[in-house]
Amino acid sequence: MRNPTVKTVVVPAAGMGTRFLPATKTVPKELLPVVDTPGIELIAEEAAQLGAQRMVIVTAPEKQEIMRHFGTFEDLCATLRSRGKMEQVEKVARAAQLIEAVAVEQDRPLGLGHAVACAETALGVDEDVVAVMLPDDLVLPAGVMEKMVRVREEFGGSVLCAYNVLPDEVFNYGIFDVEDAGADFEGFDVKRVRGMVEKPAVGEAPSTLAATGRYLLDRSIFDALRRIQPGKGGEIQLTDAIDLLISEGHPVHIVVHEGGRHDLGNPGGYIPANVDFGLRDPKYGPQLYRAISQILRDFEAANPGIEEYAQR
């Protein structure tokens, strides 16, 4: 499904990637591969499938390698062609062909809201909605943004993606306070948002529905971002701007995602993503399955208390 109403996707990518040090001393976190494809290229593919024309990458001054990834690499392609490596030529050329990538610089890391605000000048005057995709989040299968577009067509306003987490995990996320939306959508669950609570204590969360890195935001979000006050550390939080819009009667809904999700923002989520994608890869999957099975057998043999270990 291609949706012409979403022309621009904003991808905040200015973070330092501290949880991946020392690798991210020289390689931006967004370019770390999931099997053989950088995470940000997977996001570009999802944006292109949505029908967006441009991907605005909000990046830091020292992270220009991200934009270089979306170049043409003509010399490399010519060398590979001369050697008959046409499959590799397609892989190298793919990123530049997916979508137009535009850079917007965030000179200081001042929060997700500030990163989104930096992208305002890159939007056309005729764009009344902007999609935001966080490169740390892989939402599977792709297509949740198309559902969010349908919800916006029904209710207007802004639409976010939510994911059910375990009750003892709510303190890690922004959690939604919701009510029934009052409309029936075939095949997926939609709720109206009354408010958001950032990282609530266990037992105090209004639900177990956590914000996941997909946002379809009305352009009024930029005005709200200008009007909110900085929070902890001087950061401008996107959730605060959304809360302001809700308080002023702006409709905000969530689509509850029932599929899978991988968090590429930390090694604990990045490694399972590689295992998942690797097992599904027709080239590497069978060999990887055999290798993982043997690794598990060896690990279990060397660790007789494995049940206790798995519960840590």
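Residues are numbered from 1 along each chain as its sequence is written, and side-chain values use heavy atoms, with hydrogens and water left out. In this predicted model, local features need pLDDT of at least 70 and side-chain atom pairs count only at pLDDT 80 or more, whereas totals for chains, interfaces and linings use all residues.

Helices (H or I, at least four residues) and strands (E, at least two) are DSSP runs numbered from the N terminus. The axes of helix α7 (residues 220–227) and helix α8 (residues 238–247) come within 9 Å and cross at roughly 110°; axes are lines fitted to C-alpha atoms, for helices over the stretch in contact, and angles run from 0 to 180 degrees between N-to-C directions. Helix α7 is therefore roughly perpendicular to α8 (65 to 115 degrees; under 35 counts as roughly parallel, over 145 as roughly antiparallel and the rest as oblique). Contact (heavy atoms within 4.5 Å) involves S220, I221, A224, L225 and R227 of α7 and L238, A241, I242, L244 and L245 of α8. By class, eight of these residues are nonpolar, one is polar and one is charged (Ala, Val, Leu, Ile, Met, Phe, Trp, Tyr, Cys and Pro count as nonpolar, Asp, Glu, Lys and Arg as charged, and the others, Gly among them, as polar).

One aromatic pair is present, where rings of Phe, Tyr and Trp (its six-membered ring) pair if their centres lie within 6.5 Å, and planes under 30 degrees apart count as stacked, over 60 as edge-to-face and the rest as tilted. The ring centres of F20 and Y270 are 5.5 Å apart with planes at 85°, so the pair is edge-to-face. F20 lies in the loop between β1 (8–13) and β2 (33–34) and Y270 in helix α9 (residues 267–280), so the pair ties together parts 250 residues apart in sequence. Both F20 and Y270 are buried (under 20% relative accessible area; exposed is over 50% and partly exposed in between, with a 1.4 Å probe and protein chains only).

Zero disulfides were found in the whole structure (cysteine sulfur atoms within 2.5 Å). C77 is buried at 2% relative accessible area, and C118 is buried at 19%.

Most residues other than glycine have a negative phi, and most peptide bonds are trans. The L21 to P22 bond is cis, with omega near 10°, and P22 is in the loop between β1 and β2. The L140 to P141 bond is also cis, with omega near -10°. Phi is positive for V35, near 65°, and for F73, near 50°.
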